[in-house]
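Here is a short report on a ligand site and a nonpolar core. Look over the structure first, then read on.

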Amino acid sequence: MKEENMKFGTKAIHAGVDPDPTTGAIMTPIYQTSTYVQEKVGQHKGYAYSRTLNPTRHALEKALAELENAKYGACFGSGVAAIDCLMKMLSPGDEVISTNDLYGGSYRIFTGVFEKFGIKFHFVDMSDLDKVEEIMNVNTKLIWVETPTNPMMNIIDIEALATLAKKHKVLLGVDNTFATPFLQNPMDLGADIVMHSVTKYLGGHSDVVMGALITSDKTIADEIYRIQNSSGGIAGPMDSFLVLRGLKTLHLRMQRHCENGEVIANFLKSHPKVENVYWPGFEDHPDHNIANKQMRGFGGMISFSVKGNQVSEAHAIMEKFKVFSLAESLGGVESLTCHPATMTHAAIPAKEREAAGIVDSLIRLSVGIEDAEDLINDLKQALA
Ligand SMILES: *Cc1c(COP(=O)(O)O)cnc(C)c1O
């Protein structure tokens, strides 16, 4: 049976991996090697030097591509290293249109690194696609979005955006970190490139930092591999092995993240101290219909604000958590909490932050796969 015909759980376990050709090992070995002996000059078994290609990384790159229903994958030393590769496909004078509540690190590499090389970035509210079209011009080369957005959980209509991008012959890239291929496949909705911070749900165990770019377009893939090999920000074999292992339970973990997310979002919504809860599964979430259309579930990422809107109040609640750990990152088996305004999004100027809804009392939860009852009890005592 061809892998593309298989259901998600089967693919998560089998995609990209074959028994090791030399020993039959069912688990892809950690090929901890920099180079490969050649029989004659230029005659080798497909691997010449591990920056260019390493068998463990190669298996993972194939697995990630298959999970996104795509043809090509490339893995990098971090999510931002994947974005770095993508940006190097652009040239001075090119323009990028992105969302206004972007992951802080993406905002930082755009404005802090690539702006000075002459690439122009626009950050717009993508709930109104007319606004995106308004600023498109001959220099626009890429539309870059996250959906759900971080930390406001806005949903962007990927299919509608893909139609707009195609009309103007602009590439559409989607950071699919929050949804994962279990909940959403942007390429099936018309995106050209998918990016992941593999660090999060794909790795899933908070033990690896890694990024990936995925595409089905041969020209784009060739350019990605050329830059990956030239700039060298690759993922290592040990980390690739850990992610291959993590992927095998992605579907089970995501199911539980979604179940726990729903229970906790509903609990927070009914709590008297809570002002707003942001979770796309609510029927009154402004983008619920789009979420329903393009996602297969609503995930375990939730943000909420506390009445009074004080940083001190938010910090006090977070310091009382016993099961939720106060930490950056998300998507691991353990529940985490962070304070976007002073942690992940501190790099974004206060005015822009507030305009995007990232108020002082906003708390973000990455709901893990523990027992929901314990998570609810933890929230109860912290909010008391
Ligand atoms: C974490 C994250 C990134 C950056 O990935 P790293 O692996 O930390 O470099 C990019 N986008 C989103 C949505 C993220 O959550």
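How many residues surround the ligand, and which are the closest? The shell has 13 residues, and the closest are G79, D175, S197, T199 and K200. A residue counts as near if one of its heavy atoms lies within 4 Å of the molecule.

This is a predicted model: local features need pLDDT of at least 70, side-chain atom pairs count only at pLDDT 80 or more, and totals for chains, interfaces and linings use all residues. Numbering starts from 1 along each chain as its sequence is written, and side-chain values use heavy atoms, with hydrogens and water left out.

**The ligand site**

| Protein atom | Ligand atom | Distance |
|---|---|---|
| V80, backbone N or O | oxygen | 2.9 Å |
| D175, polar side-chain atom | nitrogen | 2.6 Å |
| K200, polar side-chain atom | oxygen | 2.7 Å |

On its own, the ligand has 380 Å² of accessible area (Shrake-Rupley method, 1.4 Å probe), and the protein covers 93% of that. Two elements give two or more residues each to the shell: α3 (79-87) and β6 (193-197).

**The nonpolar core**

The largest nonpolar core has 37 residues. Such a core joins buried nonpolar residues (under 20% relative accessible area, 1.4 Å probe, protein chains only) through side-chain atoms within 4.5 Å. L60, L64, M210, L247 and L250 touch the most other members. Among the elements that supply at least two residues are α2 (55-67), α9 (237-247) and α10 (250-269). The largest share, five residues, comes from α2.

Why does this core lie between domain 1 and domain 2? Domain 1 (8-247) and domain 2 (250-383) both give residues to the core, so it lies between them.

Methods
Polar contact = N/O pair within 3.5 Å; in protein donor to acceptor, adjacent residues only side chain to side chain. Helix = DSSP H or I, 4+ residues; strand = E, 2+ residues; numbered from the N terminus. Buried < 20%, exposed > 50% of the residue type's maximum accessible area, 1.4 Å probe, protein only. Domains from an automatic or database assignment.
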